[in-house]
Number of protein chains: 2
Amino acid sequence: MSKIITISREFSSGGREIGKRLADELDIAYYDKEIVGEISKRTGLTKEYIEKFSEKSMTRVYPYAFRASFYTYTNSVVEEVHKIQAEVIRKLATQGDCVVVGRCSDYILREFDPFKVYVYSSNEKDKISRCENNSELTNEKDIIKQIHHIDKERAKYYYSYTGQKRGEVKNYNLLIDTSVVSIKTAVKLIATAVMEKD
Amino acid sequence: MSKIITISREFSSGGREIGKRLADELDIAYYDKEIVGEISKRTGLTKEYIEKFSEKSMTRVYPYAFRASFYTYTNSVVEEVHKIQAEVIRKLATQGDCVVVGRCSDYILREFDPFKVYVYSSNEKDKISRCENNSELTNEKDIIKQIHHIDKERAKYYYSYTGQKRGEVKNYNLLIDTSVVSIKTAVKLIATAVMEKD
């Protein structure tokens, strides 16, 4: 049976680390930043620019004439990035077993019948302390603001792209709270579930 | 570390079977029908009567005078059953490690810091076929009606008792889709997560 695993995650909940370790554990491919590199190659846009939009919904198209051209242009670029991103993710999945992190991959790969994981933290303090270790921000207030902002953007993007609510139970097969389950154990749980899947 | 595990579940998703097998696997107590028996002893109400209300919210108190006395009486009995149920569940938890199924036990036992599991089926067909095996109903339409009715009642009861939304990710530590993860594997995942918890 094919092993295609998608990991959706709340910001700063350890989802990326779980994805990497899981791919190592199962000895299969891991796709995250590679997706951005491939989009960059195909579009000529810089990786930094793509990263800004790869998990964000389109900006609002303002009805003001003097702004219309700029926003329409921005939206069409973002739309194109999302379209190519979906193509890249689908192409990677056809190459064999893999772990894909974020980017609505659970929805994009729905025809591949992936094992869909959602990683979150029930205790915000854990997200803050994880963010402190991985961010240039040092002020707790700023960190909380960043966590909320990024999660809000991702949820908006997920909804606009899939029509589904991010983090809603029925959209996933296994949901793990990294405030209580360690990263190491989470990897073991997912690996067990995937290996024992019919 | 103490092992108190609460299992909340969608109707006909296999939660009760998971709870029983998990208690066997971990060699700890399992509480489900025992709770009803204890409430019956304390109140003098029959088990059948208690079961009708133990996972239901109170009936509406109609503002009609001629019905008021009946409904007020019913509500006070239901309220009393829920109060005693919470006492019984807390008392059982103080006796040692255990698995408790349903009855808002995740909320009732919050001071015990339980490991909170939610069991559901992403595919309704699985719930229907499980229900066919365990119910007297044979007509699929009736079975679907029953599943929706019981789930709606439980969700209402959970909300009225806890002020929380049933099945909302942040209220649990591990959520398992039994349409994709087998009962046997689900037991293994929960046991691993509990044994490896700090």
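**Salt bridges and the chain contact**

A: A:Lys127 and A:Glu10 form a salt bridge, with 2.8 Å between the closest N and O atoms; the term stands for a side-chain nitrogen of Lys or Arg within 4 Å of a carboxyl oxygen of Asp or Glu. The pair links distant parts of the chain, 117 residues apart: A:Lys127 is in helix α6 (residues 124-134) of chain A, and A:Glu10 is in the loop between β1 (4-9) and α1 (15-26) of chain A. Helices (H or I, at least four residues) and strands (E, at least two) are DSSP runs numbered from the N terminus.

This is a predicted model, in which local features need pLDDT of at least 70 and side-chain atom pairs count only at pLDDT 80 or more, while totals for chains, interfaces and linings use all residues. Residues are numbered from 1 along each chain as its sequence is written, chains are lettered from A and ligands numbered from 1 in the order written, and side-chain values use heavy atoms, without hydrogens and water.

Over all chains there are 25 salt bridges, and two salt bridges are counted between chain A and chain B. In one pairing, A:Lys188 meets B:Glu196, the closest N and O atoms being 2.3 Å apart. On the chain A side of this contact, β4 (115-120), β5 (174-177) and α8 (183-195) each supply at least two residues. The most come from α8(A), which gives five residues. By type, the side of chain A that touches chain B has 12 nonpolar, five polar and five charged residues; Ala, Val, Leu, Ile, Met, Phe, Trp, Tyr, Cys and Pro count as nonpolar, Asp, Glu, Lys and Arg as charged, and the others, Gly among them, as polar.

The contact (heavy atoms within 4.5 Å) takes 22 residues from chain A and 22 residues from chain B. Together the chains bury about 1,900 Å², 61% of it on carbon and sulfur atoms; this is the accessible area (1.4 Å probe) lost on putting two parts together, summed over both.

Strand β5(A) pairs with strand β5 (residues 174-177) of chain B in the antiparallel sense over three bridges, where pairing requires at least two DSSP bridges. A:Leu174 stands opposite B:Ile176 in β5(B).

A rotation of 180° with 0.0 Å of shift along its axis superposes chain A on chain B (RMSD 0.0 Å), by least squares on C-alpha atoms of residues with pLDDT of at least 70 in both. That is the relation of a two-fold axis. In chain A, the C-alpha nearest the axis belongs to A:Leu175, 2.5 Å from it. The copies meet through the same surface, because 100% of the interface residues of chain A are also interface residues in chain B.
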